[in-house]
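User: Please go through the structure shown below with me, one question at a time.

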Amino acid sequence: MFGLFKKNKSFTAKLVDYNQEFVVEPGDSLLTGALKAGLPWPKKCQVGSCGTCKCKIIDGKTRAEIDFSYVLSPDELNDGYALACQTSLKSDISVAVNLID
Amino acid sequence: MKTFYVNVRYLIVPVMTVLTIYGLFLGGIYAWTGVFLFGLNIILDTATKNIHLRADFDENGNSFGIKTFQYIVMYLMFPIFIVLQCALAWNLYQFTTSSTVAVETLVGAILSTGLWAGLGIIYGHELSHNKREGFSVSRAIMALSGASHFTYAHVYQHHLELGHQNDPATAPRGRNVYWHTWLSHFGQSKFSFDLEKQKLERHNKSFFSLDNKWILGYLYSLPSIILFVWSGGIIGILALVVVWSISNFLLEALNFMGHYGLIREAGKPVEHKHSWDNDNLFTSWFFIEIGRQGDHHVRGETYFWELDEVGAPNYEIGYFTLFLLTLIPPVFRKYTQKYLDEWDRNQASEAEKQIAKDYYEDTKHLSNNILVV
Ligand code: FES
């Protein structure tokens, strides 16, 4: 549920450790994009409270849709970690995550 | 046509809230409009208890819900609730300064305001699952009822701990709605307090910081307090206490009905079976699908108009009807026991059955037909 008005550009997320990429539709979170692409991205609450979907944004611009500081430590925030279920894309990105085996 | 129908059906609360406000300004018997409408809703809800609809999608799987329209309505509810409080304050002002408002009119105005401020909390809930501006509007709506802590506790605790004793918003079996209201309200506030404390410590900031959302949340309620003190002095404060008590009672009653007695083993994923669905026609439309708790708790990011029937346990009656039952705890327990027994038999995992069994043994309320472990 991202904002009042739909943004209408989709972006691509590249998984650095898996040599795979997927499209994130406008209005979708990074996690939703991954799930729509059938990727086994770890997830639990999907509302930004558990930290299960944590990933590291390596390159590109994203927007944190909620305050991550309740779940991520200051070091993680500085290192570019994000909660995929609450992250929208502002450009194509590269991201690191441990997919479920 | 279908798009019109799907979107307009969710306007019952905005329309009725405006009617309530109009009644407050008309005064006299009309000040009771909100109470009358609440009673009418109980009848409509009970009359439609057997009508259960599904979410509406076109042949391509796209929802008929218009996001922009629904968001404008939800955001508009914030100023509407401010006007609701102002209308009551206006009655208080007349009552205390010129005695042109009779006592029975004032009582009707206070009850009407409390009920509709409470029902308006559904928008605070819906927007709590939104980002940035939506989340802020949610906080502001909840602050009008002195419950701004809800927004954080709901997302960061309830959605995570649901069905477990760590979640104050989940009522265990045997608890009544009155006791639940206290425990849940203060439990969630304490959670929000601890959440901020931890966050600020981790970020090396003082507890008394502008980043403390728990403190800020209560500060957002100050304008309401000032308004009621100014308009009615002591009577104004008493009126606000009644309004907040009613609205928070309704909020906690929704939490109570949504999860009463359901059990989830700590650490296990939240599933559809961990929430009660109340999805008859009137409840669905009036409460903007908040009764589709099963789907909501598994897909927390989903727009309310896309939530659907997912096979969650179902009380088979709407919120208004069930709310009446919760007011008389023995009747509520009797009504829900057969559904809990069914849940224990058909949906609970072995571990969940064991937790239920322990509860009944501890409380000596073991029902005869329960638990085929
Ligand atoms: S799935 Fe829980 S924080 Fe994203």
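User: How many salt bridges does the structure hold over all chains?
Analyst: This is a predicted model, in which local features need pLDDT of at least 70, side-chain atom pairs count only at pLDDT 80 or more, and totals for chains, interfaces and linings use all residues. Side-chain values use heavy atoms, with hydrogens and water left out, while residues are numbered from 1 along each chain as its sequence is written and chains are lettered from A, ligands being numbered from 1, in the order in which they are written. A salt bridge is a side-chain nitrogen of Lys or Arg within 4 Å of a carboxyl oxygen of Asp or Glu. By that rule, the number over all chains is 16.

User: Which residue of chain A meets E76(A) in a salt bridge, and is E76(A) buried or exposed?
Analyst: E76(A) lies in helix α2 (residues 74-78) of chain A, and its partner, 22 residues apart, is in strand β3; helices (H or I, at least four residues) and strands (E, at least two) are DSSP runs numbered from the N terminus. Buried means under 20% relative accessible area, exposed over 50%, and partly exposed in between (1.4 Å probe, protein chains only). E76(A), at 18%, is therefore buried. The N to O distance is 2.6 Å, and the partner is K54(A).

User: How many residues apart are E352(B) and K273(B), which form a salt bridge?
Analyst: The closest N and O atoms of E352(B) and K273(B) are 2.9 Å apart. E352(B) counts as buried because its relative accessibility is 2%, and K273(B) is buried as well, at 11%. E352(B) belongs to helix α16 (residues 350-363) of chain B and K273(B) to the loop between α11 (222-259) and α12 (281-286), so the pair links distant parts of the chain, 79 residues apart.

User: Which residue forms a salt bridge with D295(B)?
Analyst: D295(B) is buried, with a relative accessible area of 2%. The closest N and O atoms are 2.8 Å apart, and the partner is R299(B).

User: How many residue pairs are in polar contact between chain B and chain A?
Analyst: The contact, meaning heavy atoms within 4.5 Å, takes 29 residues from chain B and 26 residues from chain A. With both residues at pLDDT 80 or more, the count is seven.

User: What is the phi of Q46(A)?
Analyst: Most residues other than glycine have a negative phi. Q46(A) is placed in the loop between α1 (30-36) and β3 (54-59) of chain A, and counts as buried at 10% relative accessibility. Its phi is positive, near 60°.

User: What radius of gyration does chain B have?
Analyst: Chain B comes to 16 helices and zero strands, and 59% of its 373 residues count as buried. The radius of gyration is taken over C-alpha atoms, and the globule rule is 2.2 Å times the number of residues to the power 0.38. A compact globule of 373 residues would be near 21 Å, which agrees with the value for chain B, 21 Å.

Conventions
Polar contact = N/O pair within 3.5 Å; in protein donor to acceptor, adjacent residues only side chain to side chain.
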